[in-house]
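My notes are below, in the order I looked things up.

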Amino acid sequence: MSAGGHPDRESSPREILLIEDDPVVARTTEILFRLAGYRLEIAADPVTAYSMLARRRYDAILLDMNFTAGRSDGEEGLACLARIVADDTLACVVVITAHSGIRIAVTAMQAGARDFIIKPWRKDDILGKVDGAIRRSVGGGAAHRSAAVGPSVGSALLGTSAAIERVRALVRRVGPTVAAVCITGASGTGRSLVADALHAASLDAGTKPSRIDMTDPDQWLALDHAAGTIVLRHADRLAPHAQARLLDRLMPGLRCITIVDDVAPLSPALRRRLCTIEIVVPSLAERREDAVLLARHFASVAGETYGHAAPRLTPAAEAFVAITDWPDEVRGLALAIERAVLLSDDALIDVAAIRPASPVAGPGGVTAPAFGMQDAEKLMIEAALKEHRHNVSRAAAALGLSRGTLYRRMAQHGL
C-alpha cells in the first residue's frame with residue numbers, strides 16, 4: 001500500500017467499473033481514478049454494464065442511481081444493484097447518490113451495496129470509499145478477480161426478456177444447492193453458459209468441473225476420478241444398456257449438471273438421478289427482444305478481440321437482427337457479428353455485413369431470400385434510408401441490394 005492508503009501502483013492496478021449516464025461526470029471520474037493509479041471503465045447505462053460484467057470482473061463497481069432525465073427516485077439504480085448482486089454475491093458495489101438521497105443510500109446498503117457516496121463528492125472521499133470497500137470485500141479485490149476467473153455467476157446470461165430472467169432465477173435458486181440439474185434446449189442457445197453459471201453459484205465454484213462427453217468412450221474414464229461437480233453432455237444419445245452403465249458409474253455425492261437435447265430418451269432411473277431440476281434454455285425466437293442487446297455485446301467482444309474501436313450496428317442492421325431466426329441460434333448470431341467486425345473497415349456494421357449467405361427464416365419460420373416478413377423489410381429499408389440521408393445508392397449497398405432492387409422494394413412499401 002502507498003502512504004496515502006491507496007493500492008500500491010507498482011502492482012496490478014485495481015479495475016473499476018463506473019455506471020454513469022452523464023458523459024462529463026463519467027470522464028471527470030475516469031481522469032481522477034486514472035491519475036490515482038486505478039483503471040476505470042465506463043458504462044453509460046445498466047444494459048451496457050451487464051455486457052461488460054459478462055466479459056470480466058472488476059474490483060469495484062461505482063453505480064449512479066438514476067439514468068433517465070427527471071428521475072430522482074433511485075429505482076433504476078436499485079434495480080441494477082439487485083441484478084448485479086444476484087448475479088455475483090461477491091460484487092463490491094459503491095452507490096453514488098445526491099445529498100437528498102440518504103434514504104436511497106440506506107436502501108442500497110440493505111440490498112447489498114458495500115458503501116455509498118453523496119454528491120457532490122471530493123476526490124479524496126471517493127477514492128477512500130472505493131479503496132476501503134475493496135479492502136473489506138471478500139477476497140480483497142485483485143485476489144477476488146484471480147480466484148474467480150471469468151464473468152460473475154449469472155452475468156453471462158445476458159438479456160432482459162422474461163424468458164431469460166426465468167433461467168437466471170432458477171440458476172440463482174438451484175445453483176448453491178447439490179441438486180442434479182438437467183439443461184435442455186436447442187444447440188447454440190447457451191446451454192453451456194447456463195451450466196457454467198450453475199457451477200459458479202455452487203459450493204464447488206473454486207474447482208474446475210470435469211466435462212464429459214458421454215458419446216466419447218475414452219471420456220468415460222474420467223468418471224472414475226470425478227468428484228464434486230461434473231458436467232455431462234449427450235447422455236440422451238446413449239443406448240439403454242449404456243445408460244444403465246452410466247447410472248452405475250455415478251457415485252453418491254457427485255453433483256451432475258447434464259446437457260441434453262431432450263430428457264425423453266433418458267431411462268426413468270437415469271432421469272431421476274440426473275434431472276431433479278430441468279432448466280429449459282429458450283430459443284432466440286422466444287426471447288427476440290434480447291437479440292439486439294446480444295448483437296451489441298458480441299460486437300463489443302469482437303472489437304476488443306480484434307482491436308476494432310467501438311463497433312456499431314446501423315439501425316437497419318439492428319432491425320435485421322431483431323427479426324431474423326439465426327441458424328445455430330445465439331451462437332450463430334455471435335459468429336455473424338464477429339465476422340462482420342473482423343471484416344469491417346470503419347467499425348460500422350450494416351445489413352450486408354451480417355446477413356448470412358443462405359436464406360434465413362423470419363418469425364414463424366417463414367423463409368425468404370431477402371429479409372423475411374414484409375413489415376420487417378419496410379422497417380429496415382426505412383432505417384437504412386434514414387441512416388444514409390436518403391441516398392439510395394448508399395442505402396442499397398448497406399442492405400446488400402442493387403439500386404434497382406431497392407427502388408422496386410421502396411415502391412412496393414410505398415416509400
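These entries go from the whole chain to one strand and then to the sulfurs.

**Ground rules.** I am working from a predicted model, where local features need pLDDT of at least 70, side-chain atom pairs count only at pLDDT 80 or more, and totals for chains, interfaces and linings use all residues. Residues are numbered from 1 along each chain as its sequence is written, and side-chain values use heavy atoms, with hydrogens and water left out.

**Whole chain.** I get 17 helices and 14 strands; these are DSSP runs numbered from the N terminus, helices being H or I of at least four residues and strands E of at least two. Of the 415 residues, 49% are buried, meaning under 20% relative accessible area with a 1.4 Å probe, protein chains only. I also looked at contacts (heavy atoms within 4.5 Å). Among those with a separation of 6 or more, 68% join residues 24 or more positions apart.

**Strand β9.** Is β9 buried or exposed? I find 5 of the 5 residues in 255–259 buried, so the strand is largely enclosed by the rest of the structure. I checked each face: R255, I257 and I259 lie on one side, C256 and T258 on the other, and all are buried. As a reminder to myself, side chains in a regular strand alternate between the two faces of the sheet.

**Its neighbours.** Which strands pair with β9? I count a pair if DSSP finds at least two bridges between the strands. Strand β6 (residues 181–184) pairs with β9 in the parallel sense over 3 bridges, and β8 (residues 229–233) does so, also parallel, over 5 bridges. I257 in β9 is the bridge partner of V181, and V231 stands opposite I257 too. From β8 the chain runs through helix α9 (residues 240–249) to β9, and this β-α-β crossover is right-handed: with the strands pointing away from the viewer, the path from the first strand over the helix to the second runs clockwise.

**Cysteines.** How many disulfides are there? With the rule of two cysteine sulfur atoms within 2.5 Å, I get 0. C182 is buried, at a relative accessible area of 0%. For C256 the closest cysteine sulfur is also in C275, but at 9.9 Å, again too far for a bond. I note C256 as buried as well, with a relative accessible area of 0%.

How values were computed:
Buried < 20%, exposed > 50% of the residue type's maximum accessible area, 1.4 Å probe, protein only.
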